[in-house]
Amino acid sequence: MALRNIVKVGDPILNKKSRVVEKFDSRLGDLIDDMKETMYASNGVGLAAVQVGILKRVVVIDIGEGPLELVNPEITLAEGEQHEQEGCLSLPGQYGITLRPKKVQVKAQDRNGKWHVYTGEDLKARAFCHELDHLEGILFTSKVEGKLVQE
C-alpha cells in the first residue's frame with residue numbers, strides 16, 4: 001500500500017467524468033488499498049479515484065463503521081432531504097451547507113466484480129452522494145447553499 005497525492009481544486013481532472021471499471025485485477029485492488037490508506041491518512045470519510053488522479057469509477061467510504069469499497073457505483077434510490085455541512089479533501093479547509101437526500105441506496109461492485117447493495121442515511125447518504133458526484137466531475141461547491149466558508 002502507498003499514500004497517493006490528493007488532487008486539489010483547480011486541477012481540470014476533477015471536472016472529468018470517470019470511466020467504468022471493466023478489469024477486476026490486482027491493480028484495481030492495489031488502487032483501492034492505496035485509496036483507503038490515503039483517505040485515512042487525510043482524516044477523510046470518503047475518496048474517489050479521480051481525487052488521486054485516476055479516472056475510474058472507484059470510491060472508498062468509511063464514516064466510522066468500517067470501509068466500503070464501491071466499484072461502478074450508482075444510486076438506485078434517494079429519499080428525503082438533509083441540509084448539512086460538507087467538505088472535501090480536494091478543497092482543504094472549505095465547507096458549505098448542501099442539500100442532499102436523507103437516505104440513499106447504492107448498487108456497486110466490489111474489487112472482485114461481485115454486486116452489492118448498500119443503504120445509507122444522514123452522513124453515509126451524504127458521503128455516497130458526494131463521492132459519486134466526483135465520478136461525474138461534480139464538486140460539492142456547486143451544491144452549496146449560500147456561501148462557502150474557509151476554515
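Biologist: Why is Lys102 counted as partly exposed?

Modeller: Its relative accessibility is 35%. Buried means under 20% relative accessible area, exposed means over 50%, and partly exposed is in between, with a 1.4 Å probe and protein chains only. Lys102, at 35%, therefore falls in the middle class. Please keep in mind that this is a predicted model, in which local features need pLDDT of at least 70 and side-chain atom pairs count only at pLDDT 80 or more, while totals for chains, interfaces and linings use all residues. Residues are numbered from 1 along each chain as its sequence is written, and side-chain values use heavy atoms, leaving out hydrogens and water.

Biologist: What makes the contact of Lys102 with Asp122 a salt bridge?

Modeller: The closest N and O atoms of the two are 2.3 Å apart. A salt bridge asks for a side-chain nitrogen of Lys or Arg within 4 Å of a carboxyl oxygen of Asp or Glu, so this pair passes. Lys102 sits in the loop between β5 and β6, and Asp122 in the loop between β7 (115-121) and α2, so parts that are 20 residues apart in sequence are tied together. Asp122 is partly exposed too, at 34%. Those element names come from DSSP runs, numbered from the N terminus: helices are H or I of at least four residues, strands are E of at least two.

Biologist: Which residue forms a salt bridge with Asp133?

Modeller: Arg100 does, with 2.7 Å between the closest N and O atoms. This pair links distant parts of the chain, since Asp133 is in helix α2 and Arg100 in strand β5, 33 residues apart. Here both ends are buried: Asp133 has a relative accessible area of 13%, and Arg100 has 4%.

Biologist: What do the side chains of Glu136 and Arg57 form where they meet?

Modeller: Another salt bridge, at 2.6 Å from N to O. Glu136 is in the loop between α2 and β8, while Arg57 is in the loop between β1 (46-48) and β2, so the pair ties together parts 79 residues apart in sequence. Glu136 is partly exposed at 31%, whereas Arg57 is buried at 12%. The structure has eleven salt bridges, and a network of them links Asp33, Lys36, Glu69 and Arg111.

Biologist: How do you know that Cys88 is too far from Cys129 for a bond?

Modeller: The closest cysteine sulfur to that of Cys88 is in Cys129, and it is 14 Å away. A disulfide needs a pair of cysteine sulfur atoms within 2.5 Å, so 14 Å rules this pair out. The search of the whole structure finds zero disulfides. Both cysteines are buried, Cys88 at 11% and Cys129 at 6%.

Biologist: What makes the sheet of β4, β5 and β8 open, and in which order do the strands come?

Modeller: The order is β4-β5-β8, with antiparallel pairing. The edge strands, β4 and β8, each pair on one side only. From one strand to the next, the twist averages 25°. α2 packs on this sheet, touching β4 and β5, and its direction makes about 55° with that of β4. Such angles run from 0 to 180 degrees between N-to-C directions, using lines fitted to C-alpha atoms, for helices over the stretch in contact.

Biologist: How many bridges join β4 to β5?

Modeller: Six, between antiparallel strands. Two strands pair if DSSP finds at least two bridges between them, so six is enough. Gln82 stands opposite Arg100, and Gly87 has Tyr95 as its bridge partner. In the hairpin of these strands, Gly93 takes a positive phi near 80°. β5 also pairs with β8 over four bridges, with Gln94 opposite Gln150.

Biologist: Which residues lie on the covered face of β5?

Modeller: Gln94, Gly96, Thr98 and Arg100, while Tyr95, Ile97 and Leu99 are on the uncovered face. In a regular strand, side chains alternate between the two faces of the sheet.

Biologist: Which residues touch the most other members in the largest nonpolar core?

Modeller: Val59, Ile61, Leu70, Val104, Val106, Tyr118 and Phe128, out of 25 residues. α2 gives the most to this core, with six residues. A core here is a set of buried Ala, Val, Leu, Ile, Met, Phe, Trp, Tyr and Cys residues joined through side-chain atoms within 4.5 Å.

Conventions
Contact means heavy atoms within 4.5 Å.
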